[in-house]
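Trainee: Please take me through the terms used for this model. I would like each label set against its definition.

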Amino acid sequence: MGTISLKKVHKAFGATVIIPSADLDIKNGEFVVFVGPSGCGKSTLLRMIAGLEDLTSGQIFIDGKDVSDTPPSKRGLSMVFQSYALYPHMSVRNNIGFGLKMAGESKEMIDGKVAKAAATLNLTDYLDRKPGQLSGGQRQRVAIGRAIVRQPEGFLFDEPLSNLDAALRVNMRIFIMQLHQDLGTTMIYVTHDQVEAMTMADRIVVLNKGNIEQVGSPLELYNKPNSVFVAGFIGSPKMNFVENNTIGIRPEHIEISEKKGDWQGKVLLSEHLGSDTFLHVDAGARGRLTVRASGENTFAPGTNVWMTPDKSRMHYFDKDGRAIHK
Amino acid sequence: MARKVSTNKKLIITVLAWAIGLLIFFPIFWTILTSFKTEREAILLPPKFFNFEWTTENYGIVQERSDYLRFALNSIYLALGSTFFALLIAIPSAWAMAFAPGKRTKDLLMWMLSTKMMPPVGALIPIYLIFRDFHLLDTRFGIITVLMLLNLPIIIWMLYTYFKEIPGEILEASRMDGASLVKELVYVLTPMALPGIASTLLLNIILAWNEAFWTLALTTKDAAPLTQFIASYSAPEGLFWAKLSAASTMAIAPILVLGWFAQKQLVRGLTFGAVK
């Protein structure tokens with residue numbers, strides 16, 4: 001079992017409030033992603049769940065048990081750090097087995113479990129190496145091995161892929177998703193990358209300035225963002241905002257034509273991705289809009305175009321940035 | 001960035017470095033040389049450099065008159081003992097200051113360092129009286145305590161700078177892995193900081209070995225280390241330069257050898273943090 005609940009969790013360093021008050025319920029086996037811009041408090045929140053950071057007030061429950069004052073070692077959670085945080089003086093074998101050794105398991109037990117984890121992670125050939133002799137991707141896998149070998153109640157990932165190059169990042173993303181499917185263990189994953197959040201999460205928790213802005217499935221957040229902040233943060237490229245930020249429309253929900261439409265504009269740039277083309281259009285008083293067009297689109301910069309937003313996909317916001325659902 | 005240094009400049013710097021090095025080394029060299037002279041030649045003016053009658057009789061006489069091994073053994077006890085206890089206190093202290101600093105940690109570190117700014121003689125009388133009343137005079141335990149306290153600030157500072165270089169996330173990882181505070185210290189921090197601890201240890205052994213003020217003031221016989229051994233040759237009945245030199249050479253030889261073999265580790269330790 002691995003349910004995690006936060007009740008009025010509050011964190012402040014002196015007079016600086018990091019997390020005003022956070023409430024959240026995570027179900028057993030869920031993959032939850034904390035996402036938000038840097039400094040939004042997502043890592044602090046994760047570290048409080050881990051026990052590495054004290055709560056100023058509030059409570060954290062794991063499996064219904066109040067662990068607010070329990071040290072990290074007794075919470076039954078594993079964590080993968082952004083810097084991997086491997087023990088540089090230990091071999092891969094000892095790195096992965098360290099948690100089991102701390103738990104007082106027998107040598108045969110440790111060897112067996114480490115070998116199994118290493119096999120899952122393609123690390124069998126590297127067990128006797130030191131972390132310094134491994135590549136970034138291998139180190140990342142050792143860090144994951146160290147986390148899974150203990151069969152924890154839940155996994156905590158603190159931006160684990162941000163030090164990897166783009167290709168490896170995509171691979172590891174899929175690997176972690178596969179791992180979640182195989183183990184079915186609760187995972188909390190922190191990232192600033194909304195693409196990671198969208199692709200991996202069962203539920204996304206969007207944080208802004210320490211507040212939980214919205215919690216929902218990726219598609220809920222995409223289709224029904226409850227604020228300008230969430231609307232702008234989720235989705236790539238970013239949602240367009242017009243009429244003083246009271247109306248939002250995503251690039252993929254605008255049709256573009258040379259002949260007719262609702263809004264007039266002039267193409268400034270086009271980004272060709274092959275599958276799609278993103279056109280940056282100067283729409284006069286409406287500002288600069290991004291429009292998704294087909295991959296074959298060849299509107300040259302300077303072309304006059306007409307754009308027609310899909311009215312049913314428009315998002316409306318009040319002047320405080322809260323969504324108005326019509 | 002590589003900077004171009006002209007050959008001339010290099011030559012001047014090299015000569016200067018050697019000159020300074022030799023100048024610093026000269027007294028030790030002279031002591032060793034004098035130890036192989038006869039008493040008459042040792043005080044000869046102008047002094048002879050190499051063209052004297054080489055003799056090892058001073059060493060024989062010194063060994064006969066006072067038991068070198070007993071003093072040397074005390075020196076070893078004091079140096080190792082004070083270093084051991086100092087590390088036992090300094091490792092957890094430096095760990096706390098590096099990884100869980102409070103508001104006053106910086107002040108505390110400065111205060112500790114400030115104790116090194118006081119002349120030791122200022123504390124001589126109270127410490128002497130304490131030693132007398134607790135029957136610690138001329139005991140190994142007593143002098144080990146004093147030497148430990150004496151070097152503790154420097155040891156904590158050195159370890160603190162070392163520990164500061166260790167990423168906190170690694171210690172946090174060990175906590176997530178279920179390590180208690182003690183296990184974290186034993187299995188993760190200490191092995192990672194081993195090079196730093198080793199150079200701290202070496203430096204402290206050297207400092208404790210060479211410490212003369214307190215060892216001379218607080219020991220007479222039972223706990224007397226090699227500093228007493230040397231001092232006993234500058235007796236009021238007259239100076240015996242050759243024998244004094246022989247005693248000095250015998251006293252510094254072990255530490256000189258240790259320093260020679262450990263110099264790489266020591267230089268690394270003393271410049272740690274400054275050069276990466």
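Trainee: Which residue stands opposite F31(A) in strand 8 of chain A?

Mentor: The residue opposite F31(A) in strand 8 of chain A is M187(A). This is a predicted model, in which local features need pLDDT of at least 70 and side-chain atom pairs count only at pLDDT 80 or more, while totals for chains, interfaces and linings use all residues. Residues are numbered from 1 along each chain as its sequence is written, and chains are lettered from A and ligands numbered from 1 in the order in which they are written.

Trainee: What makes strand 3 and strand 8 of chain A a pair?

Mentor: Two strands pair if DSSP finds at least two bridges between them. Strand 3 (residues 31–35) and strand 8 (residues 186–191) of chain A are joined by five bridges and run parallel, so they meet that definition. The elements themselves are DSSP runs numbered from the N terminus: helices are H or I with at least four residues, strands E with at least two.

Trainee: Why are strand 6 and strand 10 of chain A called edge strands?

Mentor: The sheet is open, with six strands of chain A in the order 6-7-8-3-9-10 and mixed pairing. Strand 6 (77–80) and strand 10 (211–216) each have a single partner strand, so one side of each lacks a neighbour in the sheet. From one strand to the next the twist averages 15°.

Trainee: How many bridges join strand 17 of chain A to strand 13 of chain A, and how many to strand 14 of chain A?

Mentor: Four bridges join strand 13 (residues 254–257) to strand 17 of chain A, and the two run antiparallel. Strand 14 (residues 263–272) of chain A also pairs with strand 17 of chain A over four bridges in the antiparallel sense. The bridge partner of I254(A) in strand 17 of chain A is P309(A), and that of Q264(A) is W306(A).

Trainee: Why is helix 4 of chain B called roughly perpendicular to helix 9 of chain B?

Mentor: The axes of helix 4 (residues 68–99) and helix 9 (residues 181–192) of chain B come within 12 Å and cross at roughly 80°. That makes helix 4 of chain B roughly perpendicular to helix 9 of chain B, because the label covers 65 to 115 degrees, with under 35 roughly parallel, over 145 roughly antiparallel and the rest oblique. Axes are lines fitted to C-alpha atoms, for helices over the stretch in contact, with angles from 0 to 180 degrees between N-to-C directions.

Trainee: Which residues make the contact between helix 4 and helix 9 of chain B?

Mentor: Helix 4 of chain B gives I91(B), P92(B) and W95(B), and helix 9 of chain B gives L185(B), L189(B) and T190(B). Contact requires C-beta atoms, placed from the backbone, to lie within 7 Å.

Trainee: How many residues of chain A and of chain B are in the contact of the two chains?

Mentor: That contact takes 18 residues from chain A and 15 residues from chain B. Strand 6 and helix 2 (92–102) of chain A each supply at least two residues of the chain A side.
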